[in-house]
Structure formats: structure tokens, C-alpha cells
Amino acid sequence: MDSVFFYRNSKPAGGEDGALQELKIALQPNVSVTGWPATAGSNALAGFTALQDATVVDRLRRAGASLCGYTVMSEFGFGLGGSSAGEAVRRKIADAELVVDMLGESRLAAARADACGFKPSYGLISRFGIIGLIPSMECPGIVSGNVRQIRAILEAVAGPDELDFSLPDEEPLDFSPQEIDPQKTTLGFVPELVGGLSGQQQNKFMSALEFLRKGGFKVRESRLPDFSRFALVHRIVGSVEASSCAGRYDSVRYGPRAVGAKNWNEMYILSRAIAFGSLVKSYLFQGAFFQFERYEAYDNACRIRAGLLAEMRQLHSEADFLVIPTAPGENLDAVSLEETYRMFDFMAFANVTGQPALYMPSVGGGGIQIVGPRRSDPDLLALGESILHAGRGGN
Amino acid sequence: MEFEAVIGLEIHVELNCATKMFCDCPNRPGDEPNVNTCPTCLWFPGAVPRLSSEALEKASLLCLALGGELQSRSAFDQKVYYYPDLPKGYQLSQAHLPLSRGGGIEVRDEKERIRKLRIHHIHMEEDVAKLVHEMEGRTPISLVDFNRAGAPLVEIVTEPDFRSPHEAMEFLKALRVQVRYAGASECSMENGTMRVDANISIRPAGTTAMNTKVEVKNMNSIRHVGDAIAYEIARQSASVQAGEDVVLHTRLWDPDRKVTLPMRAKFEGPCIPDPVVPLIELSEEWIEEMRARLPEMPAARASRFVEQYGLSGDEAAYLSSDPDLAGFFEALIGHGVAVRSGMHWLTTQLLPAVRDRQLALSNCRVTPERFAALLRMLEKEEINANAAREVLLQLFDGDAPPEEIVASRGFRQISDPTALASMVDKVIEDNPSAVADYRRGESKALGFLIGRVMQSSGGKANPKMIRGLLVKNLESGSRTAGA
């Protein structure tokens with residue numbers, strides 16, 4: 001086994017037919033496949049074997065995809081420390097990889113692999129069988145060499161699921177190919193974000209905007225002075241949800257149980273001490289702190305989140321899509337919470353708002369993200385296809 | 001100083017749904033340990049809770065039956081605490097947006113005055129697992145049974161409107177009747193489908209202060225709730241008289257010693273909105289549909305019984321106190337039994353017999369149809385009351401129609417005047433002293449003579465006719481002149 005795969009499927013045969021029959025898709029071990037070691041990269045689930053197929057797995061198989069195995073992942077998919085996400089695609093071992101996106105992981109993994117990465121709208125894909133950490137923010141993302149494949153995969157896995165009632169009761173989206181008319185498409189960019197970039201990054205981003213302008217798109221400023229609040233809200237709400245979500249890893253029903261405890265309370269404490277790595281531990285501590293000691297801060301964060309959602313809706317009344325720079329950080333193996341959040345500074349906002357976000361490498365020389373309103377996924381992917389097409393024509 | 005008590009109740013009712021609240025596991029906590037479990041109620045990684053529509057419906061019916069106002073928006077929260085009976089570190093409960101607000105029940109206080117006892121709100125929550133603590137040799141071990149984990153519950157939180165143990169007990173009895181009518185639960189404290197915690201504080205009589213309360217748990221009958229409250233009022237009064245402060249804490253009722261004892265404080269965690277279980281939005285139409293599903297409730301039924309059948313208020317209230325009993329009564333009338341005899345035979349004969357056999361009216365062999373057939377024979381004087389009682393006992397043991405039992409076992413009443421006249425003559429002849437007593441004016445002697453005739457008929461003689469014949473013979477004295 002190489003450094004990319006944690007588990008290889010010995011029978012990866014795809015289906016006879018279906019929209020994805022040519023595709024090899026890699027998963028991370030936080031997506032349940034019956035009989036596979038779905039450890040979610042955590043010692044809390046060491047030795048755990050999934051009992052059920054996640055809905056996405058079931059749908060990928062029905063669409064004819066072949067599932068090649070589990071790649072190495074960060075603990076519970078939080079950040080990319082120690083993760084090989086994107087590597088299978090970069091090395092062309094797989095055509096695509098599902099990477100659960102809670103801070104921006106699928107997009108950042110794509111950036112690292114020089115591929116495209118897409119986080120769909122929240123509520124579009126069933127979370128049944130996904131071993132999550134931040135329920136209101138996370139969503140399976142798709143890393144792939146091209147946007148057309150992302151669209152085919154999304155079309156196969158999206159839609160209502162009777163196993164996940166948390167999906168909003170909404171009409172299924174229409175993913176049929178469509179033409180984008182640049183003249184009728186307004187792209188906004190947030191000047192407050194450009195200021196935070198290094199000189200070199202600024203240049204790359206400005207040349208990407210220039211490329212889009214040349215492509216005929218209307219490009220305008222969209223002011224978002226509160227952008228720094230997204231990360232703050234994510235940190236508070238995300239950590240509180242993570243603390244609750246990880247409450248089940250108590251060593252009573254499964255997971256490693258520490259020996260030598262004198263009572264159940266000690267058993268909890270000692271077992272949880274060996275279950276989690278230090279980054280996740282500090283995140284859980286932070287969440288427990290807000291739960292138990294600063295509930296009002298959590299309450300405020302939820303309110304601010306609602307306000308930010310409204311602000312974003314307002315921006316989208318002026319611009320169809322927003323063009324967002326990618327993260328400035330280079331150190332993907334962040335060890336502290338600070339570093340981890342800094343790494344996803346330009347990405348986590350889409351997890352706070354549940355918007356779809358597409359990362360594309362080398363648009364006019366640099367990687368950018370484009371985000372649209374919730375449920376604009378088909379339009380956003382069509383836009384991505386047309387931009388990449390123009391890019392290839394232009395090069 | 002004279003004190004008055006301020007009491008509020010928190011009542012957990014286990015809904016009688018077929019499945020648990022968030023998965024399809026059977027809702028049968030009493031089965032072999034840990035058989036009714038699945039990845040969802042054991043909260044395996046990747047599990048997604050799915051709120052059962054039956055739980056929502058039954059909870060809503062219960063709320064409506066208690067006069068609550070169903071909220072158009074309600075939601076689940078996570079009550080966070082760590083305990084081995086909780087498989088995910090939090091309990092799904094509605095802390096911020098409950099299913100229903102308001103409501104209440106009218107009861108009679110000790111002086112028969114009507115008191116409206118208000119409900120603050122009713123919310124849904126999931127039950128937790130059951131812990132069993134044992135010794136394995138010298139090692140204490142704790143076993144966890146997850147059959148109950150995720151069972152559907154509602155919690156009814158009252159206003160602190162109660163002033164006495166009597167009011168609390170009356171409230172619980174009335175609540176039980178309402179919930180049974182709604183078909184949502186059996187509400188048996190003995191079986192654990194209803195659990196009651198009481199919050200009790202005291203204050204100088206006539207004042208409006210809300211003082212530090214003490215919570216009392218672990219009562220497993222309505223009577224125990226009354227006893228525990230009474231004990232707690234006395235205990236707190238004594239301690240205040242002695243100049244001690246009441247401290248906020250929880251106590252357990254000890255049913256053997258009939259005292260409350262302090263228990264170790266349980267850690268109460270925060271409640272944060274659950275991000276997974278969807279917001280519950282109830283439309284006006286849905287709420288009306290639920291309201292239409294409620295049966296005629298006990299108070300309405302009782303007044304109809306007075307109106308329609310001419311029962312007394314007490315009789316009507318008694319019959320209406322149990323939906324099965326009221327239904328049985330109406331079925332009897334529907335099968336042509338007269339109101340008075342139906343009421344009388346149901347309450348004085350059938351119910352005690354059912355109880356003796358530890359059966360329920362709804363699941364014994366004596367159906368309204370069979371019981372009615374028996375009572376109709378009695379009304380037509382085809383059998384007498386003695387025979388009816390005998391036949392009733394046999395109805396419990398088999399499925400034969402009562403007519404067949406009467407025919408095959410010779411219970412048919414003897415109403416042939418000639419046959420009865422000769423029996424009467426014989427008894428008059430054989431009991432001269434009783435006859436003499438009667439003639440001296442001792443009316444008791446008539447009863448004795450009727451008994452003798454009944455005895456000689458093997459219990460089958462028509463008692464009305466015997467009485468007539470005896471009186472006629474004794475008054476005329478003609479046939480016995482020689483004695």
C-alpha cells in the first residue's frame with residue numbers, strides 16, 4: 001500500500017451501465033461502505049467496520065462507478081493534516097475523489113492536486129452513512145480533473161433520500177448541460193478579500209478577473225466588510241457541533257476502551273484521551289467550552305450566522321456569482337486550530353452559508369473559487385465548464 | 001407559622017408507538033436486553049435520526065387532549081451530558097421550541113371546589129437506555145440495555161399551581177384518563193409508562209413568594225406521589241420552623257420507609273439546537289386533522305351519558321373514566337340491554353370478575369355481545385339472577401354462546417305455575433314455625449321461605465313467582481289450615 005490509499009478495494013469492478021460506468025472513484029474512510037474499515041482517520045474508530053452503505057455509495061454504484069478504496073485522511077476529515085485527499089486524482093489513480101468539505105477541504109485538496117474541487121449546496125446530498133463532525137456545515141465534496149465529471153457525479157448522488165430527513169423538501173435540480181451567456185452573467189469580487197492577499201497572490205487574482213472580463217463577463221465589486229466574521233462563526237458553531245457529534249465516542253458500545261479505570265466516569269475520560277488526536281481534541285475542548293461556559297457566545301454566533309446568510313443573499317441580488325481568491329496558506333499540515341482556520345480563511349464561509357463553491361485551477365494563471373446562491377449548483381458547474389473551455393481555447 | 005405548599009409536576013409519558021422515536025426499532029423496552037437496537041439508536045458513526053411520524057401524531061393527540069396549543073414551529077435540541085445510559089452524549093429533547101404550550105386540567109380540591117391546574121408546556125424527547133448495576137464476584141459492573149434508548153416520550157411540565165398532595169393526585173388521575181382516551185399511552189406509573197417528578201417549595205400561607213424548591217423523584221404510583229409530597233411539605237416546614245434554609249436539591253422517595261432522601265446531584269448540561277433533526281412545522285390543516293382524530297373526551301362523554309341514558313352524574317363520570325369501560329357500556333346498550341341492568345351488572349358483577357382474573361375488559365372472553373345476550377335472558381326472565389351469575393363465570397372459560405350454556409346446563413328458570421305451586425305447598429308444609437312467624441307479622445320469615453323454595457328448585461325457580469304464590473297461600477291460609 002502506498003501513501004495515498006489506506007484501504008484498497010480488491011473488487012473495484014464498476015457497473016455494466018450507468019452515467020459513471022467509466023469512472024474510478026476514491027473515497028475517504030468517513031464515507032461508510034459495508035465491510036470497509038470506516039475509521040474516519042481516528043483512533044476513536046480504530047478497527048471499526050462499516051455496517052451499512054452510505055447513500056452516496058449506493059448511488060455511485062448504481063450509476064456504474066467503480067469504488068477504488070479509502071484514501072488516507074485527516075482525523076474526522078477536519079483540515080488536511082496528514083491527509084492524502086486529492087493525491088489519487090493528481091496521480092491519476094482515480095478519476096475523482098469524494099472529500100467531505102467542512103472547512104473547505106475538498107477545494108483545498110483540489111488546489112493541492114491541481115484539479116477542480118466542488119462543494120455542493122448544503123442539503124443537496126444525503127448525509128446518511130457519512131461519518132461527520134459538523135452537521136450544519138459539512139457536505140461531501142468532489143475532487144476531479146474536470147467539471148463535467150463533477151456534474152455527472154453530483155447528478156448521480158444528489159437528491160432526496162428517505163434515510164436522511166434532514167434534507168430540505170425541495171425539487172430535485174436539473175443538471176442537463178446548459179450554455180452560459182457571459183454578457184448576461186455578473187461576477188462579483190470582494191475587495192476586502194483582495195487586500196488580505198500577498199502581492200503575488202493579488203496579481204494572480206487580478207489577472208484571473210481580467211481573464212473573466214476578457215471572456216465577456218460583467219465583473220463588479222461586491223462589498224462584504226463582515227467577511228472575517230465567517231471564520232469566527234464557523235469556529236464557534238462548528239466546534240460546538242463537533243463536541244456534540246463526538247459525544248458518541250465514549251467507548252461504551254464501540255471504540256477503544258482504556259484499561260485500569262476505577263469507574264465509568266474515569267473510563268470515559270481515559271478512553272477519550274486515547275481516542276482523539278491533539279487537533280481534534282483542542283477543537284472538542286473549544287466546543288465544550290462554548291457549550292458549557294459561554295452559551296451566549298454560541299447563541300450570538302448563531303444569530304450572526306443568520307445575518308451573514310442574509311448579507312450573502314443581498315450580494316447575490318447584485319451579482320450572479322462571486323469570485324473568491326484561494327487560501328493564502330501553504331502549510332497544509334497545520335497542527336493548531338489557529339493554523340487550520342487560517343488555512344481555510346477564504347473557504348469556510350461557504351460552509352457557514354451552505355452555498356455551492358467551485359475551485360478551479362489556473363483561470364488566467366491562478367486558482368479561483370466561484371460561489372453561487374444555494375441550489376445554483378447546475379448553473380455554477382455550467383459556468384465552470386464554460387470558463388475552463390474558454391481557458392483552453394485561450395491558451 | 002402556617003405554611004402553604006407550591007407544587008409543580010414534571011410528568012414523563014411513554015408513548016405507545018410501534019417504533020422508537022428516531023428509528024424503526026420496535027418500541028418494546030421489556031424484551032430481552034439489547035435486541036431492539038440498530039445503528040441509529042446505538043448512534044453508530046454515520047447514523048441519521050429520522051423522526052417517526054407516529055410519535056409526532058401521538059404526542060400531538062396527547063397535547064390536544066390536555067388542552068395544549070400545538071405550535072406551528074417546534075424543534076429538537078441536544079441536552080448535553082455524559083452518562084452511560086446516553087449513547088451519544090446528548091439527549092434529543094425540545095428545550096427551546098416545545099411542541100405545545102398551555103393547557104390544563106380541571107380537578108376538584110379537598111372542598112369539592114373546581115380548580116384549573118395549568119400546564120406550562122409539553123415537549124417531545126427520546127428515552128435513554130436502562131442501567132443495571134450488578135456484582136461480578138467482588139467487582140461492581142454496570143450493564144446497559146439499549147432497548148429503551150430512543151423510545152418516544154413526552155414531558156408535561158405544569159405551572160406551580162398545586163397546593164396539596166390531593167390536587168397533585170387528582171390531576172394525575174385526570175391526566176391519565178385524558179391520555180388514555182387520546183390513545184397515546186397507558187400512563188401506568190406501576191409499569192413505568194408514566195413517571196412523575198414533583199417540585200415542592202413552601203411559603204407562609206397567603207403570600208405569593210416563590211421559594212427554593214426541592215425536586216422529588218422515584219414515586220411509582222399516584223398514591224406515592226401524594227405521600228412523597230405530603231412528607232416533603234412536612235419536612236420543609238419543620239426545617240424552616242427550626243430556622244434552617246431550604247437548599248435546592250433532588251430527593252428520592254423511599255417507598256418502604258415512606259421518606260424522601262437526598263440524592264447525589266445529577267449534572268445538568270446545556271441545551272443546544274440540534275442541527276440534524278429538521279424543524280417541525282405543523283400546518284393548521286394538520287392540527288385540525290389531529291383534533292378530528294381525538295375521540296369524544298371523558299367530560300363530554302359523561303354529560304352525554306347523563307343526557308342520553310339518564311345516569312347520575314357520578315355514574316356517568318365513573319363509566320367515562322376509562323374509555324374501555326365506557327365503550328363496553330355503550331356496546332351493551334347497543335345490543336339491547338336496559339340501561340339500569342347494564343350499568344348494574346357491568347359494575348357490580350363483570351368488572352370485579354375481570355379484576356379477579358387479572359384481565360382487562362378489552363381482552364377477556366366476555367365480549368359486550370356475549371354479556372348482552374346473557375343480560376337479555378335475565379331481563380326476559382328466562383333465567384334468574386343466580387343463574388346469570390353462574391353463567392357469567394362460565395363465559396370466562398369458553399366461547400360458547402350464553403344461550404347454549406343455559407340450555408345445556410339446565411339454568412333455565414322454572415316459571416311453570418303448577419310446578420312452582422307444588423314446590424311452594426311442600427315448603428309451607430315442611431316449615432310450620434316459619435309460617436307461624438310470618439303470620440305473626442315477621443316479614444323476615446318470607447325471605448326464609450323463598451330461600452327454601454329456591455333451594456328445592458335447585459336455584460332455578462322464578463323468584464318473583466314464588467314470592468307471589470307464597471304470599472297468596474299464606475294470606476289465604478286455606479291450604480294450610482290443617483297444620
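1. Two strands are taken here to pair if DSSP finds at least two bridges between them. With that in mind, a reader new to this predicted model may begin with chain A, where 11 strands form an open sheet whose order is β1-β3-β2-β4-β6-β5-β10-β11-β9-β7-β8 and whose pairing is mixed. The edges of this sheet are held by β1 (5-8) and β8 (218-221) of chain A, and because each of them has a single partner strand, one side of each is left without a neighbour in the sheet. On average, and with direction ignored, neighbouring strands of the sheet are turned by 30 degrees against each other.

2. One pairing within chain A can be followed down to its residues. Strand β9 (residues 321-325) and strand β11 (residues 366-371) of chain A run antiparallel and are joined by 4 bridges. Among the residues involved is Ile324(A), whose bridge partner in β11(A) is Gln369(A). Strands of a sheet pair through backbone hydrogen bonds, either parallel or antiparallel.

3. Helix α10 (residues 295-318) of chain A deserves a separate look. This helix has 24 residues and reaches 36 Å from its first C-alpha to its last, which is close to the 34 Å expected at 1.5 Å a residue. Tyr298(A), Ala301(A), Arg305(A), Met312(A) and His316(A) are buried in α10(A). The cover over the buried residues of α10(A) includes α7 (227-245), α9 (278-292) and α12 (349-353) of chain A, together with β16 (271-273) of chain B.

4. The contact between the two chains takes 33 residues from chain A and 25 residues from chain B. On the side of chain B that touches chain A, β4 (77-80) and β10 (139-145) of chain B each supply at least two residues. The residues of that side of chain B divide into 18 nonpolar, 5 polar and 2 charged.

5. Asn34(B) is placed in the loop between β1 (3-14) and α1 (53-65) of chain B, while Glu112(B) lies in the loop between β7 (104-108) and β8 (114-126) of chain B.

6. Glu112(B), by contrast, is exposed, with 6 other C-beta atoms within 10 Å.

Conventions. Residues numbered from 1 in each chain as written. Chains lettered and ligands numbered in written order. Predicted model: local features only at pLDDT ≥ 70, side-chain atom pairs only at ≥ 80, totals over all residues. Buried ≥ 20, exposed ≤ 12 C-beta atoms within 10 Å, placed from the backbone. Contact = placed C-beta atoms within 7 Å. Nonpolar A, V, L, I, M, F, W, Y, C, P; charged D, E, K, R; others polar. Axes fitted to C-alpha atoms, helices over the stretch in contact; angles between N-to-C directions. Expected span 1.5 Å × (residues − 1).
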